[in-house]
Amino acid sequence: MDYRRMPIEVESPEQLPGGYAAIKCNLAESSVTDRIWDDLKIDLKGLAIAYTHHIGHPQFRDLLAKEYNIEEKDIILTAGAAAGLFLLATTLLKDGDSIVVVRPNYSSNLETPRAVRCKVHYHELKYENGWQIDVAALGAQVESSGAKVISVTTPHNPTGIRLSEDTLKALVAIAEKNRCCLIVDETYRDMVYNDVGPVALAATLSPRVVSVSSLSKTYGLPGIRLGWVACRDPSLMESLLAAKEQMYICNPVLDEEVAYQFYRNKKDHLRDVMHELKERRDMVQKWMDSQDVFEWNAPQGGCVGFPRIKPSLSVDLDVFYHTLNSEYGTYVGPGHWFEQDRRHFRLGFGWGPREDVMQGLNNLVL
């Protein structure tokens, strides 16, 4: 394994001198505001601080299985979605194997296959195409490379664009035709801006599909490190469990119990989250419409977008980011975090007080 730190982690707000306190307007976050323990009303009395079920909390997995219309055995709990993605990459891929991954993307989806020394083939998403996947082109990439894995994200980080049900089914067909695995990072699955909710969990469409999610982004619980992998391939699930056991045996019992008790009231939590996020997204869209420096493809899910400085404008990007950070205390996720031109940046609108988000937006054009 060839490990290297990712720019998004090296430059993350918590790594700055002074940490979060040094930032007045934090538009770099890709989640809703972190929850406060006192507000959760979690009862941990009598909980034994012991090893847990290696595959994960049975009652929590049962909740997920019923929601997704799969079986409990098809779900393994992991230390956040990041651990699930790492387990998948190191289980499915080895030195010299090929993977087709969409780019831009969440950094781990790019960096972990490189650490395994894979041949990484990028399916480049373009602003001009609405950040949508070109299914035919991706299929050709898979076929020509002999890829063992396809890696996509929906709703997408950092753009907020969703895969349609037709596109998802077309990707499943490509995976089945080429006898490879389709990994779908669905961390923002519940965060969708429509009245009908998300499409079917990708893992329900074929045993060759794996879904990954967590409680971090949508529910403001990144500190408990609880995610899951869903797949209907028993052989792969057994291998993932073996990998998990060799890495850390089981999840912390505290994390799993907090997650379980929280998720029992998921509907109430999600209702409140989405009510706030819809208003925030509308606020950002109204701001976008009011100025002529930046443009974006409006997010269809998640709590981030990926705007850019309009191509017709001449801007010193070093000065732009330095001034924004040092003079206005405003932080965004610059394009290089996602291996994109720095005219782009990830704009998070779900974290912190709404008035701070609005002030951060105004600071962008001062």
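## The seven-stranded sheet

Seven strands form an open sheet in the order E2-E8-E7-E6-E5-E3-E4, and their pairing is mixed. The edge positions are taken by strand E2 (75-78) and strand E4 (119-124); each has a single partner strand, so one side of each is left without a neighbour in the sheet. From one strand to the next, the twist averages 20°. The model described here is predicted.

## Pairing of E7 and E8

Within this order, E8 stands between E2 and E7. Strand E7 (residues 209-214) pairs with strand E8 (residues 227-231) in the antiparallel sense, over five bridges. Val 212 has Val 229 in E8 as its bridge partner.

## A helix on the sheet

Helix H5 (residues 107-115) packs on the sheet. The strands touched by H5 are strand E3 (98-103), E4, strand E5 (149-153) and strand E6 (181-185). The direction of H5 makes about 160° with that of E3.

Strand E14 (residues 345-348) is covered on both faces. Phe 345 and Leu 347 lie on one side, Arg 346 and Gly 348 on the other, and all four residues are buried.

E14 pairs with strand E10 (residues 304-305) in the antiparallel sense over two bridges. In this pairing, Val 304 is opposite Gly 348 of E14. Strand E13 (residues 333-334) also pairs with E14 in the antiparallel sense, over two bridges. Here Pro 334 is opposite Phe 345 of E14.

Notes. Residues are numbered from 1 along each chain as its sequence is written. This is a predicted model: local features need pLDDT of at least 70, side-chain atom pairs count only at pLDDT 80 or more; totals for chains, interfaces and linings use all residues. Side-chain values use heavy atoms; hydrogens and water are left out. Two strands pair if DSSP finds at least two bridges between them. Axes are lines fitted to C-alpha atoms, for helices over the stretch in contact, and angles run from 0 to 180 degrees between N-to-C directions. Contact means heavy atoms within 4.5 Å. Buried means under 20% relative accessible area, exposed over 50%, partly exposed in between (1.4 Å probe, protein chains only).
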